[in-house]
Amino acid sequence: MARWYPDLKIWVSSGTPPKLVKPIFQAAGVSESRLYLDYRAVDTVTNFTTLIPEFQQHGVQHLFLITSDFHMPRAKAIATLVLGSQGIAFTPIAVPSNQPQESTIRIIRDITRALLWIFTGRTGASLNPAFD
């Protein structure tokens, strides 16, 4: 994706540490100046909510949401609410994996947390540091 769209800014939120991320993009010929690495998120909901101010500051109106296929249903549900509430559109791109899809309970839990954020500005993450 980064090669196909050479002007795209690339946000990596949590997950893979910088010492592993940077060489991947460097090997692909992607300038480090395009990378925005953010490790504030403590779970999937805060992956979205903590980046909203950054997206707004950079004038992001559309983004590609790239994540594992097993995680995509939950990520799309959260993105629809969080990004949509801020007028940001997204295109999901699932990366194939061999993992089973996440449970409906997890998706419903995070939809609830996304709605909580929309109405209160809080995600509920502090209630359980084990949220993912």
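Let me start with a question for everyone: is His71 buried or exposed? His71 is buried, with a relative accessible area of 12%. Here buried means under 20% relative accessible area, exposed means over 50%, and partly exposed is in between, all with a 1.4 Å probe and protein chains only.

Before we go on, a word on what we are looking at. This is a predicted model, where local features need pLDDT of at least 70 and side-chain atom pairs count only at pLDDT 80 or more, while totals for chains, interfaces and linings use all residues. Residues are numbered from 1 along each chain as its sequence is written, and side-chain values use heavy atoms, with hydrogens and water left out.

Now, the overall picture. The chain has five helices and four strands; these are DSSP runs, numbered from the N terminus, with helices (H or I) of at least four residues and strands (E) of at least two. The chain is as compact as a globular protein of its length, because its radius of gyration is 15 Å, close to the 14 Å that the globule rule gives for 132 residues. That radius is taken over C-alpha atoms, and the globule rule is 2.2 Å times the number of residues to the power 0.38. Along the principal axes, the C-alpha atoms fill a box of roughly 40 × 35 × 25 Å.

How much of the chain is buried? Buried residues make up 35% of the 132 residues. The accessible surface comes to about 8000 Å², and 58% of that belongs to carbon and sulfur atoms. Those areas come from the Shrake-Rupley method with a 1.4 Å probe, and for residues only the protein chains shown count as cover.

Next, contacts, which here means heavy atoms within 4.5 Å. Of the contacts with a separation of 6 or more, 71% are between residues 24 or more positions apart.

Let's return to His71 with that in mind. His71 sits in the loop between S3 and helix H4 (72-85). Not counting residues up to four places away in sequence, His71 touches Thr44 and Glu102.

Phe48 lies in helix H2 and is buried, at 8% relative accessible area. Leaving out residues up to four places away in sequence, Phe48 touches Leu65, Ala75, Ile78, Ala79, Val82 and Leu83. Take Ile78 from that list: Phe48 and Ile78 are 30 residues apart along the chain, and their C-alpha atoms are separated by 7.7 Å. Thr49 is also in helix H2, which covers residues 44-49, and at 9% relative accessibility Thr49 counts as buried. Neighbours within four places in sequence aside, Thr49 is in contact with Val82, Trp117 and Thr123.

On to the rings. How many aromatic pairs does the structure hold? The structure holds three. Rings of Phe, Tyr and Trp (its six-membered ring) pair if their centres lie within 6.5 Å; planes under 30 degrees apart count as stacked, over 60 as edge-to-face and the rest as tilted. One of the pairs is Tyr5 with Phe64, a tilted pair at 5.4 Å centre to centre and 35 degrees between the planes. Tyr5 lies in the segment before strand S1 (10-13) and Phe64 in strand S3 (residues 62-68), so this pair ties together parts that are 59 residues apart in sequence. Tyr5 counts as partly exposed at 39% relative accessibility, and Phe64 is partly exposed at 27%.

Another pair is Trp11 with Phe55: their ring centres are 5.1 Å apart and their planes are at 85 degrees, so the pair is edge-to-face. Trp11 lies in strand S1 and Phe55 in helix H3 (residues 52-57), so here the parts tied together are 44 residues apart in sequence. Phe55 is buried, at 6% relative accessibility. Trp11, Tyr36 and Phe55 form one aromatic cluster.

Finally, two loop residues. Where is Asn98? Asn98 is in the loop between strand S4 (89-95) and helix H5 (104-120), and at 82% relative accessibility Asn98 counts as exposed. Gly29 lies in the loop between helix H1 (18-27) and strand S2 (35-38), and Gly29 counts as exposed at 64%.
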